[in-house]
Amino acid sequence: MSQPTTTRPEPAATGGEIPPHRYTSALAEQIELRWQDWWDEHGTFETPNPSGPLGDPDAVAARGERLFVLDMFPYPSGKGLHVGHPLGYIGTDVYARFKRMTGHNVLHAMGYDAFGLPAEQFATETGQHPAVTTAQNIEKYRRQLRRLGLAHDPRRSVSTTDPQYYRWTQWIFNQIFNAWYDDEAQRARPIAELINQFESGTRVTPDGRPWADIPAAEQQAIVDGRRLAYVSDAPVNWCPGLGTVVANEEVTADGRSDRGNFPVFKRNMRQWMMRITSYADRLLDDLDVLDWTDAIKTMQRNWIGRSEGARVDFASPAGTISVFTTRPDTLFGASFMVLSPEHPLVDELATAGRGEEIAAYRAQAALKKDFERQDDTREKTGIFTGSSATNPVNGEEIPIWVADYVLMGYGTGAIMAVPCGDQRDFEFARKYDLPIPPIQRPPDRWLSEHDVSTDDSLDTSAWPVAYVGNAAYVASANDGLDLNGVDNTTDGIAMTNAWLEANGVGEATISYKLRDWLFSRQRYWGEPFPIVYDGDGQPHALPDSLLPVELPDTDSFSPRTFDPDDEFSNPESPLDRLEDWVVVELDLGDGVKTYRRDTNVMPQWAGSCWYEMRYLDPTNENCFVDPDVERYWMGPRTDVRPDHPGGVDLYVGGVEHAVLHLLYARFWHKVLFDLGHVSSKEPYARLYNQGYVMAHAYKDEREIYVEATEVDGDDAQGYTHNGEPVTAVWGKMGKSLKNAVSPDEMYAQYGADTLRLYEMATGPLDASRPWETRDVVGMYRFLQRLWRNLVDEESGECVVVDADLDDETNRLLHRTVDFVRAEMDALRFNTAIAKLIELNNAVTKLEATPRAVAEPMVKMAAPLVPHLAEELWRKLGHDETVTYLDFPVADPELLVDDMIEVPVQVNGKVRSRITIATDADAAAAEAAALADDKVIAAIDGQAPKKVIVITGKMINVVV
RNA sequence: GCCGACGUAGCCCAAUUGGCAGAGGCACGGUCUUUAGGUGGCCGCAAGUGUGGGUUCGAGUCCCACCGUCGGCACCA
């Protein structure tokens with residue numbers, strides 16, 4: 001091999017003077033700003049579509065396989081970004097850039113979810129119109145994200161607040177409004193098909209009358225009752241502190257709003273609902289074909305809350321009372337019944353003289369907040385109605401009670417109480433001295449664990465708690481059903497269900513926790529509903545030609561909010577006040593008439609239910625996305641796996657949207673799929689949850705957070721703020737903990753490439769990690785060494801040589817290439833970075849840097865530090881962007897060495913190391929090991945019983 | 001209480017998925033350049049797989065029990 005023609009200059013280290021071409025933060029900034037402008041000018045990140053306005057079929061073919069990478073839609077808050085926000089954005093950017101270099105046509109864009117409460121609140125606080133503040137906030141975000149060097153297609157950046165965007169949000173609402181769920185076909189269909197079925201008689205009307213005999217108003221009511229978006233007068237979550245109603249998903253476990261933490265009250269109100277419950281089974285079943293983490297799937301399953309059981313009918317003086325139970329097999333042990341205080345039959349069941357007492361109980365239950373009633377540490381209360389019901393399996397008369405631990409919102413609002421087999425019923429029976437008949441003999445182990453003698457196994461008065469589980473049934477038989485001796489609940493349930501159905505007193509059924517989605521908000525800053533009401537108060541969807549229904553401009557955009565505890569206040573939508581806007585003259589097909597607009601707005605989640613599809617075709621004026629374009633970017637990849645549902649190839653975001661955005665978006669997508677507008681049945685095929693950036697936060701003695709940057713001290717000394725002692729706590733970086741670090745500080749100190757590299761190096765993308773500003777310098781030093789290996793710090797000239805690479809470095813290079821490819825593909829950027837540093841450190845030790853290692857190093861670094869890579873690629877004499885270069889490929893022959901050192905264990909302990917040929921067979925390896933001096937000494941003359949040879953890994957001698 | 005994720009060096013993290021516990025970064029020590037300082041160069045560093053059992057020739061990795069941290073759900077019949 002030839003000698004290098006130049007030698008590496010000594011690092012300039014004379015005091016004071018920093019060499020003019022050292023990679024400093026000032027140089028980094030200059031390079032970064034220059035390349036960001038260059039990329040924009042050259043449209044470097046513009047991604048071609050197969051057809052339509054952004055279509056360029058030739059470019060699509062040249063780029064390769066499609067790959068749609070998506071970040072969760074950011075909400076542009078007034079405070080701008082902190083270094084925790086872009087963790088996921090940098091991750092997707094590195095991945096997308098890597099994939100562009102490995103033969104993929106990558107779509108990566110960023111838009112803004114800008115409608116909603118915080119924008120409105122920020123506007124109110126600052127006295128500016130939300131349209132103004134929102135535009136400012138989006139600009140700020142765009143500027144901060146651009147400064148990071150993210151390779152987004154700028155043409156595809158959308159905002160939910162743009163009328164050209166929400167026109168399609170309204171259009172999709174109309175699709176949902178004009179659809180019904182066909183339970184037999186298990187899919188949504190256009191509402192016109194339902195009307196056709198009624199008209200033609202293929203579907204029987206609810207009361208059996210011919211459709212033509214039903215008055216028009218009733219016809220409309222029947223149809224409206226089937227729509228997937230419908231107006232309902234039902235219990236909703238009223239939040240006076242926010243001045244609006246909110247969805248179940250937006251109420252925390254302790255009965256408060258997730259935004260603002262205000263009390264939420266259950267109230268009957270007339271509101272828009274979305275029939276998401278029709279999709280419960282599909283939302284549940286299709287989780288199986290999604291490449292999501294178990295954590296998120298489990299949360300969605302829990303939220304949908306499907307439970308299989310049976311409906312059982314009990315006869316009572318007020319008629320049949322149906323209950324839902326997951327344990328119909330325990331019906332013989334039902335010794336009383338409990339109704340929710342809100343149950344409609346309670347008044348009728350109250351016997352003479354008990355009415356007043358019962359009314360009082362109901363009144364006090366109604367005063368309790370839901371979350372108080374659900375506090376399981378509270379002692380159960382209840383009251384006897386005086387009436388009894390008949391247990392259908394044994395004809396026994398059992399008392400009917402009312403108790404607030406039974407909720408009207410789940411099942412049927414009535415339960416059969418089986419105190420021997422349900423802890424809640426057990427406690428209730430003990431308190432009110434109700435019988436606890438045994439129907440299972442608990443196993444001996446349970447008896448001994450609960451200090452019950454086996455003689456008392458069927459004496460429930462000796463039991464401390466209810467027995468829940470498998471055990472042989474006793475006293476569980478009637479003329480047609482005999483469970484006695486059956487020892488498992490599965491068979492018991494199946495047998496009982498069959499009997500219930502055969503005797504017409506119940507059936508196997510399924511219950512869900514999921515409720516329909518409350519879709520209207522009494523706010524200003526949201527999408528108006530594309531709905532008007534006629535003189536009879538009937539809703540009509542506006543035709544496409546009248547979309548968008550633009551949000552009217554007004555100075556009085558603040559909603560009326562109330563005392564957060566004023567439960568009986570009433571929502572007042574800001575749009576209600578705009579009488580000129582509300583009243584419209586329209587011809588909807590039967591002449592010009594006066595209509596009133598719907599004055600609600602959609603919830604913040606509406607715009608994010610379909611935004612990924614607008615990225616695909618952002619300028620299309622004829623449809624929300626061209627079907628061909630959707631099929632190209634999101635169609636099912638059955639070539640990858642047969643059950644691939646289609647959707648975004650990689651979706652990265654936080655875990656906090658598990659049951660909000662991710663459930664709603666799946667629902668909308670399935671409706672659009674059913675109606676034939678999209679080819680994918682799921683929006684997000686693969687979901688990856690990035691971790692959070694954590695940071696120390698500090699609380700003073702009042703438990704109030706203080707600005708972390710103003711705190712002095714350390715763990716040993718203790719911490720102080722303005723001289724007052726404070727305590728350190730650990731939390732997610734953010735405004736609320738006052739521990740945010742701005743990316744602007746990092747740009748000034750190190751540059752964007754160093755920040756990108758640091759965020760990726762601190763751990764795997766899905767792990768939360770602490771932010772340590774003092775650690776960032778490590779990545780800065782690496783980039784300085786990389787720069788110095790290629791560039792003379794004094795002259796700024798490229799110093800690579802065209803010498804051959806020595807064998808050792810060449811092998812290291814190929815091992816690095818092999819490793820980095822695999823790690824980047826698996827989103828493990830931290831280990832990829834470690835290997836690049838290792839390679840660079842090895843290159844530093846060479847006399848000079850051969851081009852043969854410099855160029856692959858720059859290419860491998862390009863996804864991580866794109867600005868620096870572009871600059872170095874120029875210095876290496878090229879004039880194209882690094883964005884679409886081919887990522888290096890390892891030569892497999894260079895990945896294996898001829899000789900290899902393997903450890904030799906004796907009885908599992910490493911005693912020696914020997915060097916053998918890599919392709920040595922087991923016998924040769926064994927012979928070499930047994931001939932080794934240290935091994936001979938260790939086995940001390942004993943005959944080896946067994947020698948285990950793991951080729952290329954190790955040898956273990958067992959004596 | 002139930003479900004999920006996770007415990008490796010002073011700190012952040014690796015370990016080819018059952019095969020030599022250490023790749024990388026920070027911190028730390030030494031040293032060079034410097035009047036000095038460090039966002040510079042070079043060299044060095046120790047000890048550690050949460051606890052207790054089990055399987056195995058061999059366990060950070062698999063199994064059981066427990067402890068701890070984080071997240072979600074919770075009178076859901």
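Biologist: How many residues of domain 1 are in contact with domain 2, and how many residues of domain 2 are involved?

Modeller: Contact means heavy atoms within 4.5 Å, and by that rule 33 residues of domain 1 are in contact with 26 residues of domain 2. This is a predicted model, in which local features need pLDDT of at least 70 and side-chain atom pairs count only at pLDDT 80 or more, whereas totals for chains, interfaces and linings use all residues. Residues are numbered from 1 along each chain as its sequence is written, chains are lettered from A and ligands numbered from 1 in the order in which they are written, and side-chain values use heavy atoms, with hydrogens and water left out.

Biologist: Into which domains is chain A divided?

Modeller: Domain bounds come from an automatic or database domain assignment. Here chain A is divided into domain 1 (1-42 + 751-895), domain 2 (43-139 + 148-160 + 606-689), domain 3 (307-511) and domain 4 (898-958). The centres of domain 1 and domain 2, taken over C-alpha atoms, are separated by 31 Å.

Biologist: Is helix α22 largely enclosed or exposed?

Modeller: Helices (H or I, at least four residues) and strands (E, at least two) are DSSP runs, numbered from the N terminus. A residue is buried under 20% relative accessible area, exposed over 50% and partly exposed in between, with a 1.4 Å probe and protein chains only. In helix α22 (residues 752-761), nine of the ten residues are buried, so the helix is largely enclosed by the rest of the structure. R756 lies in this helix and is buried, with a relative accessible area of 1%.

Biologist: How should I read the pairing of a strand, and which strands does β22 pair with?

Modeller: Strands of a sheet pair through backbone hydrogen bonds, either parallel or antiparallel. Two strands are said to pair if DSSP finds at least two bridges between them. Strand β22 (residues 693-699) is mostly covered, with six of its seven residues buried. Two bridges join β22 to strand β27 (residues 769-770) in the parallel sense, and there V693 stands opposite R769. With strand β26 (residues 724-732), β22 pairs in the antiparallel sense over six bridges, and M694 stands opposite K732. The pairing of β22 with strand β23 (residues 705-706) is antiparallel over two bridges, where Y698 has V706 as its bridge partner. β22 and β23 form a hairpin with five residues between them, and E703 in the turn has a positive phi of about 70°.

Biologist: How many disulfides are counted, and how far is the sulfur of C609 from the closest cysteine sulfur?

Modeller: A disulfide is a covalent bond between the sulfur atoms of two cysteines. Here the rule asks for a pair of cysteine sulfur atoms within 2.5 Å, and the count comes to zero disulfides. The sulfur of C609 is 19 Å from the closest cysteine sulfur, in C623, which is too far for a bond. C609 is buried, with a relative accessible area of 1%, whereas C798 counts as partly exposed at 27% relative accessibility.
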